Amino acid sequence: MRAIWAILVAVLFHLVAMLPAAAVDAEVLPKVSGMTHGVHGPRVRLIMDVDPVPAFAAFTLRNPDRLVIDFPALEWALPELDITKIPYINEVRYGLFRADRARIVMDLSEPVQVERIFSERPRGNEPGKLVVDLSPTSRAEFDARAGLPEHARWKSLPPPVPDRGNGQIIVAIDPGHGGVDPGASWGRLKEKRVVLAFAKVLAEAIQARPGMTPYLVRDKDEFVPLGERVARAHRAGANVFLSIHADRVAEGKASGITIYKLSPKGSDKAATRLAERENRADLLAGADLSGESDTLARLLVELAQRGTKEESDKLATSLLSAMQGELKLLRTRPIRQANFRVLKAPDIPSLLLEIGFLDHAADRKRLMDPEWRQKAATRMAKGVADWTQVASPGFLDTR
């Protein structure tokens with residue numbers, strides 16, 4: 001049975017990989033417009049409305065347990081899903097995994113097996129269907145089947161590297177999350193969209209500064225693994241790395257902009273929990289982490305604690321000075337520390353900027369206000385420019 005399952009997954013992924021480029025580039029993409037379910041004893045049937053039905057491939061992952069379904073690029077028109085009544089499913093995430101691949105990730109409450117997964121052609125006015133039958137299985141069976149197929153180890157195509165020109169300072173701007181990883185949410189408001197919109201305004205503000213050129217680590221709504229974000233900044237020859245986020249507070253209330261620096265230990269419990277959530281984004285999205293090395297991660301932290309840490313400190317101070325008195329900052333300690341994976345470039349001064357909190361009404365209003373975004377971006381660009389006046393010369397060199 002396991003051999004048959006492995007062959008089926010491989011064939012399905014081969015079908016996805018063989019799709020012609022025109023199918024991705026066409027103006028009319030397959031559209032997912034709904035998802036329902038039915039319960040038949042221990043079996044749960046998930047039914048997705050999708051028209052036309054594309055090629056698909058499904059597999060499971062463990063730690064945590066997830067069901068993953070991959071497609072070519074899709075148009076997502078799903079309403080807010082009420083998953084509280086669906087057995088075995090804790091959470092559903094969906095979106096682009098890369099520019100030409102879409103992914104649905106379902107967090108599982110217990111081990112299940114995919115008994116069947118098949119498509120149905122449209123009937124009359126009804127759209128096509130993708131049908132998934134789930135039933136419980138043992139932990140041993142689930143673990144034996146779970147794993148990332150070789151054909152799922154896709155890599156995204158990065159945005160083009162900017163032309164440095166006359167010794168321009170390259171500022172890498174990293175909008176957090178994206179695609180299948182929505183980040184924090186408040187109703188229909190998704191962090192991945194909020195920070196991408198702000199990042200584009202920030203890029204314009206950076207471009208307007210003499211001697212500075214922006215580089216958007218992602219310029220569309222697609223998933224980019226944390227390690228790849230840093231790698232893209234390196235390939236672009238970045239002198240500065242700014243990761244942009246807009247989270248929610250797990251406990252209590254918070255409002256305003258917060259600047260985070262890298263530290264193996266968080267400055268407080270809230271900072272530590274935030275870093276832990278952000279660092280799990282790759283895992284939950286089903287990214288291939290087989291190349292990650294704990295030893296390398298420790299080395300990067302050690303390197304970042306030396307010269308680059310000092311430059312990150314200077315950069316944080318310059319940004320704070322440029323924003324103070326002009327923008328709403330976190331009231332207590334607007335500069336904090338946490339162990340964010342995305343800040344571990346050993347040779348690039350790196351900061352994570354929480355530009356607001358989606359669960360705070362005043363912050364939401366600011367984040368959606370074009371005038372506020374422009375003002376905040378302008379002050380941040382000034383902060384980076386001010387840092388170049390005090391930075392060690394080696395960090396301003398062409399990379």
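A search of the whole structure, which is a predicted model, finds 23 salt bridges. Side chains of opposite charge can pair when their charged atoms come close. One of these pairs is formed by R103 and D70, whose side chains meet with a nitrogen-to-oxygen distance of 2.7 Å. This pair links distant parts of the chain, since R103 belongs to strand β7 and D70 to strand β4 (residues 66-72), 33 residues apart. Both R103 and D70 are buried.

Strands of a sheet pair through backbone hydrogen bonds, either parallel or antiparallel. Here, β6 and β7 (residues 101-108) run antiparallel and are joined by eight bridges, and V92 has M106 in β7 as its bridge partner.

A second open sheet contains six strands in the order β13-β10-β14-β17-β15-β16, and its pairing is mixed. Because β13 (212-216) and β16 (335-338) stand at the edges and each has a single partner strand, one side of each is left without a neighbour in the sheet. Within this sheet, β10 (residues 169-175) and β14 (residues 240-245) pair in the parallel sense over five bridges, and the bridge partner of P175 in β14 is I244. Helices lie against these strands as well. Helix α4 (residues 191-207) lies across β10, β13 and β14, and runs at about 160° to β13. Helix α9 (residues 307-323) also packs on the sheet, where it touches β14, β15 (258-262), β16 and β17 (350-354), and its direction makes about 175° with that of β15.

Returning to the charged side chains, we can look at how accessible the partners are. R366 and D363 form a salt bridge in which the closest N and O atoms are 2.4 Å apart, and both residues lie in helix α10 (residues 361-367), three residues apart, about one turn of the helix. D363 has a relative accessible area of 1% and is therefore buried, whereas R366, at 21%, counts as partly exposed. In the salt bridge between K129 and E126, the closest N and O atoms are 3.5 Å apart; K129 is buried at 16%, while E126, at 47%, counts as partly exposed. Finally, R62, D65, R139 and D143 are linked in a network of salt bridges.

Note on methods:
Residues numbered from 1 in each chain as written. Predicted model: local features only at pLDDT ≥ 70, side-chain atom pairs only at ≥ 80, totals over all residues. Heavy atoms only, no water. Pairing = 2+ DSSP bridges. Helix = DSSP H or I, 4+ residues; strand = E, 2+ residues; numbered from the N terminus. Contact = heavy atoms within 4.5 Å. Axes fitted to C-alpha atoms, helices over the stretch in contact; angles between N-to-C directions. Salt bridge = Lys/Arg side-chain N within 4 Å of Asp/Glu carboxyl O. Buried < 20%, exposed > 50% of the residue type's maximum accessible area, 1.4 Å probe, protein only.
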